[in-house]
Amino acid sequence: MAKPFAELEAKMSPASRARSDALYEQLVAEMPLHELRRAKALSQVKLAEALHINQAAVSKMENRADMYISTLRDYIRAMGGDLEIVARFPDGAVKISNFADHEASPEAAAEAAAR
């Protein structure tokens, strides 16, 4: 029989727990779109409804290697988040704000998802 995670975690050394926590944080920070959607407990159908597109378009977006920033922003907003674009340089990071103020209409989101 499987043991509850809390029991296993209680038996871990502090160093093991720290490594486990660090790995968890890394995996959460580097999540593909479909895994992020699942982690937010959203189905493709629910997300499609929020974006005013069909489920197939959500699937297509999640499997793309490239998409418009506005499409990605709308996807993230439909999950309740905000998209920030940050350029990282050896001497520091800069938040890119060119794309932050533009609001896309549901029609534009559907058109972008279809591309």
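Predicted model: local features only at pLDDT ≥ 70, side-chain atom pairs only at ≥ 80, totals over all residues.
A residue counts as buried when its relative accessible area is under 20%, as exposed when that value is over 50%, and as partly exposed in between.

**Exercise 1.** Decide whether glutamate 62 is buried or exposed, and find which residue forms a salt bridge with glutamate 62.

*Solution.* Begin with the accessibility: glutamate 62 has a relative value of 10%, so this residue counts as buried. Next, look for the partner, which is arginine 37, with the closest N and O atoms 2.5 Å apart.

**Exercise 2.** Work out how helix α4 (residues 44-51) and helix α5 (residues 55-62) are oriented where they pack.

*Solution.* The two axes are 8 Å apart and meet at an angle of about 100°. Angles of 65 to 115 degrees count as roughly perpendicular, so α4 is roughly perpendicular to α5. The residues that make the contact include Leu47 and Leu51 of α4, and Val58 and Met61 of α5. Sorted by class, the contact has six nonpolar, three polar and one charged residues.

**Exercise 3.** Describe how strand β1 (residues 85-89) is joined to strand β2 (residues 92-96).

*Solution.* The strands run antiparallel and are joined by five bridges, one of which pairs arginine 88 with alanine 93 of β2. Together β1 and β2 form a hairpin, with two residues between them.

Key: Residues numbered from 1 in each chain as written. Heavy atoms only, no water. Axes fitted to C-alpha atoms, helices over the stretch in contact; angles between N-to-C directions. Helix = DSSP H or I, 4+ residues; strand = E, 2+ residues; numbered from the N terminus. Parallel < 35°, antiparallel > 145°, perpendicular 65-115°, else oblique. Contact = heavy atoms within 4.5 Å. Nonpolar A, V, L, I, M, F, W, Y, C, P; charged D, E, K, R; others polar. Pairing = 2+ DSSP bridges. Salt bridge = Lys/Arg side-chain N within 4 Å of Asp/Glu carboxyl O. Buried < 20%, exposed > 50% of the residue type's maximum accessible area, 1.4 Å probe, protein only.
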